[in-house]
Amino acid sequence: MKISSLLASVLVLSSGFLQADVTLPSVFSNHMVLAKVEKVPVWGKADPGEEVTVTFQGKTSSAKANDAGRWEVILNLKDSGSGPFEMTVEGKNQLTISDVLVGEVWLASGQSNMQWVLSNTTNAAAEIASSENSQIRMFTVKSTSSSTPQDDVEGKWVVASPQTSGAFSAVGYFFARKLQKELQVPVGVINSSWGGTPSEAWTSPQALDTVPDLKATRERQWAAVKAYPEKHKAHIEALEAWIKTHGREDKSVTDAETFAGIDVNTEDWVTVAIPGEVKAPGLAESGAIWLRKEVDVDAKKPTGLTLPIDGYDSVYWNGQLLAQTAPSKFPGTGFVRRGGPYTVPAESIQIGKNALAIRLYQPMGPTRIPGEPRAGSLSLKGDWLAKTEYQFSPLDADTMSAAPKPIANIPAPSHTAGFLFYGMINPLIPFAINGAIWYQGESNAGRAHQYQTAFPLMINDWRKQWDRGDFPFYFCQLANFLPKKSTLADSPWAELREAQSKTLALPNTGQAVIIDVGESEDIHPRNKKDVGERLARIALAKDYGKEMPYSGPVFEALTIHGNQAILSFQHVEGGLVAKPLGETYDVNTLAGKTSPLVRNSPNSELEGFAICGEDKVWVWADAKIDGDKVIATSDKVPNPVAVRYAWSDNPTCNLFNAAGLPASPFRTDDFPLTTFGKKY
């Protein structure tokens, strides 16, 4: 290239940079809702030193971009009407944002139960059909993890309607709907949630580093993530060399339809149980094998496949290849992928019978599927059919032992300390919010005692980062889940609920107790209406001055009188109630599955109470309501010292108040927790 041409190119590039357009984060976009508060930041990017003006409701505010190109103005919307309005942002270019409302804005976050969409909930068709409401809007943040602070997210504001609301966070939608109905103002929800994630991933690294145990884990995780690419590269090179040396390269598939099609003769296929090792008499242990399962589908809509496979797979739906993981792309043997980018498009789905087939390339031995496969919410565990495509010759033990060993797994990006804060929370700061709602904890249950530190740390961190004071933060206590037990036992889920309850010591917090909406076989209860509306009750009572009960009974004090344990409560709200127990309980509402309810204390007015003496041996108690108190006794415990209520994964319990809200699980003892010492 000639010097003159090179100089001209540089000048063109420089000119383009100097004339860069003013930009806004995606959260400032058409149909957005702004908070009706005194300080509403609006920010974006421009050339350093460029003056930017923001015009809204006839008022103009200006700011100059700093050396990093960031600018920010503050709007006072305390006395604003609801709109809709138009906003213009002007620098060297002009941006126009239309259909802007002013009202209440809440951040909704957590893991899968907050992410759970309206279309997958109880009575979904009717709820969606009646969801037309231009005053309810949701901004859904695309799942993003990052090792560095991000300044924008992918997403857009969507107005509630039968065409759109099915994809809304169900908890967020029901929360917003109740607020909007009661307040008669616009309500916007920013949904930033990701299934299966721990609270530490949502907390900033700076906050985590103030707790020695969490700092040590963060540093270890980050070091592993940093070192992983080089280790992975070396592992793949060694693995491919071993495969080539021993003639165990995969063969091209020329007849996938004969294994993966809808109508396949499976008379000579064998049965294997999944989850587990893919191994059965007559099935090759190395080579290529096929798995298949018929999946009944009742709607043509995109369906996610969760396939936790520890190996190299090609996934087919009705004979069409969906996704593939070869050794060159594999994260490393021993790494279990949880779901992958496996989504069946709507046009590939047939109403009724569909064929899911998985081809497993096994150069070293049988593949392991350690977790439960799912198609959407449908469990695919159980018997699958399997058939060998081709088989490698056996290798001697020394040759097999020389195969490259698995490299150490690194945490999934969505589980890594601080990565979700950087990717999905930091870009939203300092967008003006009225408060936050949170549904999470399942991923922390195994170390519930540590959650007593980690959860308040996250809340305080967000409040500090937003610099809006102790804004309201309301959360869901874990729902009942897992099989019911007739014997009294320790429960990590009960311990996690206790950690959540202890977080109420922070100012401006509230807890929605949902111990009555869960399902024993589904970690995602389909009843999200009660969940969202109970969260909304807290906000309406505590922040908007509405006179309404917002909490079920909360344990206050224990008094021992002879063989009686006398318990008093706050939030009695019209009186304590023993809610009638049904003949069955929910196992899986999607499948219409219930199970007979067996009473633990069949002669007792109240279920769920346990009592112990100095020996710390727990027994079921007979419990009854006496005014605004509960009296618990047992013939086996003449001198009680402690009481527990609903202290199990999936308790049978029925203490409510007259407002129809369930009592929060509790214990009066301070015996050691089973999760003490379990760390992130």
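These legends accompany several close-up views of a predicted model. Local features need pLDDT of at least 70 and side-chain atom pairs count only at pLDDT 80 or more, while totals for chains, interfaces and linings use all residues. Residues are numbered from 1 along each chain as its sequence is written, and side-chain values use heavy atoms, with hydrogens and water left out.

View 1. Searching the whole structure turns up four cavities of 30 Å³ or more. On a 1 Å grid over the protein atoms alone, a cavity is a set of points where a 1.4 Å probe fits but cannot get out, and lining residues have an atom within 4 Å of a point. Grid points are joined across faces, edges and corners, and a volume is the space filled by probe spheres set on the points. The largest cavity holds about 60 Å³. Its lining is made by Gln511, Ala512, Val513, Arg534, Tyr550, Ser551, Gly552, Leu661 and Pro662. By class, five of these residues are nonpolar, three polar and one charged (Ala, Val, Leu, Ile, Met, Phe, Trp, Tyr, Cys and Pro count as nonpolar, Asp, Glu, Lys and Arg as charged, and the others, Gly among them, as polar).

**View 2. The second largest pocket.** A pocket, unlike a cavity, is an open set with protein on both sides within 12 Å along at least five of seven lines. This one has a volume of about 500 Å³. Of its 27 lining residues, Asn480, Ile515, Asp516, Val517 and Tyr585 lie nearest the centre. Helix H12 (529–543) and strand S29 (584–588) are the elements that give two or more residues to the lining; helices (H or I, at least four residues) and strands (E, at least two) are DSSP runs, numbered from the N terminus. Strand S29 supplies the largest share, three residues. The lining comprises nine nonpolar, ten polar and eight charged residues.

View 3. Look for serine 314 in strand S15 (residues 312–317). Serine 314 is buried, because its relative accessible area is 4% (buried means under 20%, exposed over 50%, partly exposed in between, with a 1.4 Å probe and protein chains only). Its side chain makes a polar contact with the side chain of glutamine 324 at 2.9 Å; such a contact is a pair of N or O atoms within 3.5 Å, where within protein one must be able to donate a hydrogen and the other to accept it, and residues adjacent in sequence count only if both atoms are side-chain atoms. Leaving aside residues up to four places away in sequence, serine 314 touches Leu321, Ala323, Gln324, Ala357, Ile358 and Arg359 (heavy atoms within 4.5 Å).

**View 4. An open sheet of four strands.** The strand order is S32-S31-S35-S37, with antiparallel pairing; two strands pair if DSSP finds at least two bridges between them. Strands S32 (619–620) and S37 (666–667) stand at the edges with a single partner strand each, so one side of each has no neighbour in the sheet. Four bridges join S31 (residues 609–612) to S35 (residues 642–645), and alanine 610 stands opposite arginine 644 in S35.

**View 5. Two residues with positive phi.** Lysine 616, in the loop between S31 and S32, has phi near 65 degrees. This lysine is partly exposed, because its relative accessibility is 48%. Alanine 646, in the loop between S35 and strand S36 (655–657), has a phi of about 55 degrees. Alanine 646 counts as buried at 1% relative accessibility.
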